[in-house]
Amino acid sequence: MSRHPEVLWAQRSDKVYLTISLPDAKDISVKCDPQGLFSFSAMGVQGESFDFSLELFGKIVPEGCKTNVGLRNIICSIMKEETGWWKRLLKSEEKPAPYIKVDWNKWCDEDDEDPNSDLASDDDDATYVGQEEESSDDEGLLYLPDLEKARGN
């Protein structure tokens, strides 16, 4: 039987961030469909299977979706097809599953958005899944220590 890891979400006008809490995950698979279907699966540290699918509020750009794997979690940066703020994460107006929660640490209100920040990583030792070695997709990403420096903390 498959289990659901805790999923935290936040958004910017151009992206949605999903932080999947799954320490030491293996065999991670992330799929982004242009219609807004996001699918995740992985094996936990003790061989248990974790997976879920989300029908997101709007359409997304699969080529603009990045996955960052750290020791404690997996962070997915999902590019929205149209710039703008979604009313909610999921297309359905029903209350989301209990494993989906707002990521208040990354949350940003529309009027507070910093166009220069990209919070795609919580771990300094994170690696990208599905990226070519020569890829420069991580250029411009601010890692947590850099973000704290930028904020003057």
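This report describes the aromatic contacts of a predicted model and the confidence attached to it.

Local features are reported only at pLDDT of at least 70 and side-chain atom pairs only at pLDDT 80 or more, whereas totals for chains, interfaces and linings use all residues. Residues are numbered from 1 along each chain as its sequence is written, and side-chain values use heavy atoms, with hydrogens and water left out.

The protein chain has a mean pLDDT (the predictor's confidence in each residue, from 0 to 100) of 81, and 72% of its residues reach 70 or more. Over residues 120–145 pLDDT stays under 50, and the model has 52 contacts (heavy atoms within 4.5 Å) beyond four places in sequence for them.

Six aromatic pairs are found in the whole structure, a pair being rings of Phe, Tyr or Trp (its six-membered ring) with centres within 6.5 Å, stacked if the planes are under 30 degrees apart, edge-to-face if over 60 and tilted otherwise. Two of them are tabulated here.

| Pair | Centre to centre | Between planes | Class |
|---|---|---|---|
| Trp9 and Trp107 | 5.2 Å | 90° | edge-to-face |
| Phe52 and Tyr99 | 5.8 Å | 55° | tilted |

Trp9 and Trp107 lie 98 residues apart; Trp9 is buried (under 20% relative accessible area, with exposed over 50% and partly exposed in between, for a 1.4 Å probe and protein chains only) at 9%, while Trp107 is partly exposed at 27%. Phe52 and Tyr99, 47 residues apart, are both buried, and together with Phe38 and Phe40 they form one aromatic cluster.

Definitions and conventions
Helices (H or I, at least four residues) and strands (E, at least two) are DSSP runs, numbered from the N terminus.
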